[in-house]
Amino acid sequence: METQQAALSRRTFIKAMGALSASGAVFLSGCGSQRASEASGSDSAADTITFAQGADPRGLDPAYVDDGESAKIMENIYESLVTYADDSTDIEPCLAKDYEISDDGLTYTFHLEEGVKFHDGTDFNADAVVKSIERQLEPNRTEDMTYASFVFGTASEGNGVESVTAVDDYTVEIKLAAVSAPFIKNMAMILAAPIVCPTDFDALMENPCGTGPYKFVSWDKGQNVKLVANDDYWDEDRKAKTQNIIFRFIAENASRVTALNNGEVDIIDGIDDSVVDTITSAGNSLFEEDGMNINYMAFNCLDTSVCSDQAVRKAIAKAVNVEEMVSSLYGDYASVANSIMPVWMAPYDEDVTQTEYDPDAAQQELADLGITNLTCITYSNVRPYNTKNGQTLAEAVQGYLSKVGVTVDITPYDWTTYKTKVTTDPWDICFYGWVGDNGDPDNFMNLLADTNATMNVAQFQDEEYNALIAQGVATSDEDERAQIYKQCEEMAAEKQPWLLISHSKNLAGYNPNVSGFVIHPTGVVRLWNAVKSA
């Protein structure tokens, strides 16, 4: 048995305010719940930190959501067996104090923390872990559990979790059907992987219950989610330092900036370069780091769309001057995407060649193919990978295509509605993106192999590509994996299910009196060590 205990020693959390760490996270110094009447503590401004984001969460059950707005809130409520370091996706202990992997790589044995309770007083133990995972395994899994197949695998593909067993009250054994190199990193994710209270699964979407440093108080739709410190929290290193956390929802970028500058909120995200001077000139501070994300335009690869033809996809790609568009829209706060994986994330390869801008060739090829009109749907709000919002990006592409004789009809939707529309409505091109969950290349490259349309919106399916993805997951040697994923990148560039656009920097504005919070490379925010000086 290969023990991971030594590798899992918890490092001391950096408490003082700092600048950027080497990998980019910032230390500006991480459930069903009790209701508002049970919240305790001071309501004073110094004992409350307000984080403003662009939209409501889709929900607060990690088994059923797949969006960043939900993830940022859930990060402070739930915990997984293992977690990520504050400045990277290196694995650290959490609800499991250590784990072991069998020599054949198929059995993971987790040794759990004792004396931990869920927010409603239910004991955390091996039985709770089993129930939390089993509800997302086949045949219990439902179609709207969008991350379940990603984290726990699929029997039809011969991978993932074969069984999960409580060996005793504080030991859990998970057996895999096949070796999975990214499995342990998947188990630290905030989507699907967190251990939830088994008392009432049906209530978790609007009344979350976990073991984390904050407990849920209320959700006023369209306004805010309120959390209160978990005074009975089990880990002193992560115990909440501020009593009250408010996640406030402000759709408009400019309105979030105004709220920060007026002192109504303490931290905002989803901002772009156009508001940086407004934030800093008011005496507030700017956080920026290279993001773990990809911003792209997806082509509908189903037979119902003209974009099912690879020649059409390539011709459209030639019409768009991506480099000019990225510079114009994002300035210094995004870089042109020459690969699906971000530049700083191994095994990025700069030699992958994307379709070159060639408007003359695009015009001729599109005319020959009879393409004069495209249907486009997009989102109306900002996203972590697109700080200008989806409609603005769609209109930029619309402008390029108009120059080559193609009209584009754009229909924008709010994000929650859009997540459904991409799977139900007819369209030729749409705009989407991805924020990495775990720092593993499979987390990006597997998107184009996923059978779930909310993950693989292009609905691109290619047997050769899928075989490479399966090979990458089953390979433990990092050099061999790098070569496999390079082949995936090259195939994606050639077959063009996406037009790659940009890798965005993570930007946030904050009150300089607030310190101790962590904006993680995965896009979530950890607020348990955050404090606000008078």
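Axes here are lines fitted to C-alpha atoms, for helices over the stretch in contact, and the angles between their N-to-C directions run from 0 to 180 degrees. Helices (H or I, at least four residues) and strands (E, at least two) are DSSP runs, numbered from the N terminus. The model is a predicted one, in which local features need pLDDT of at least 70 and side-chain atom pairs count only at pLDDT 80 or more, while totals for chains, interfaces and linings use all residues. Residues are numbered from 1 along each chain as its sequence is written, and side-chain values use heavy atoms, with hydrogens and water left out.

Two packed helices are described by the angle between their axes and the distance between the axes. Helix H7 (residues 310-319) and helix H14 (residues 478-495) have axes that come within 8 Å and cross at roughly 90°. H7 and H14 are therefore roughly perpendicular to each other, a label that covers angles of 65 to 115 degrees. Gln310, Arg313 and Lys314 of H7 meet Ala493, Glu494 and Lys495 of H14, where contact means heavy atoms within 4.5 Å. This contact has 1 nonpolar, 1 polar and 4 charged residues; Ala, Val, Leu, Ile, Met, Phe, Trp, Tyr, Cys and Pro count as nonpolar, Asp, Glu, Lys and Arg as charged, and the others, Gly among them, as polar.

Gly370, with a positive phi near 75°, follows H9.

Attention now turns to strand E21 (residues 498-510), in which 12 of the 13 residues are buried. Strands pair if DSSP finds at least two bridges between them. E21 pairs in the antiparallel sense with E14 (residues 267-269) over 3 bridges, and Asp269 stands opposite Ala508. Strand E15 (residues 285-290) runs antiparallel to E21 and is joined to it by 6 bridges, with Glu288 opposite Leu507. Strand E16 (residues 293-299), also antiparallel to E21, is joined to it by 4 bridges, and Tyr296 has Leu500 as its bridge partner.

Conventions:
Angles under 35 degrees count as roughly parallel, over 145 as roughly antiparallel, 65 to 115 as roughly perpendicular and the rest as oblique. Buried means under 20% relative accessible area, exposed over 50%, partly exposed in between (1.4 Å probe, protein chains only).
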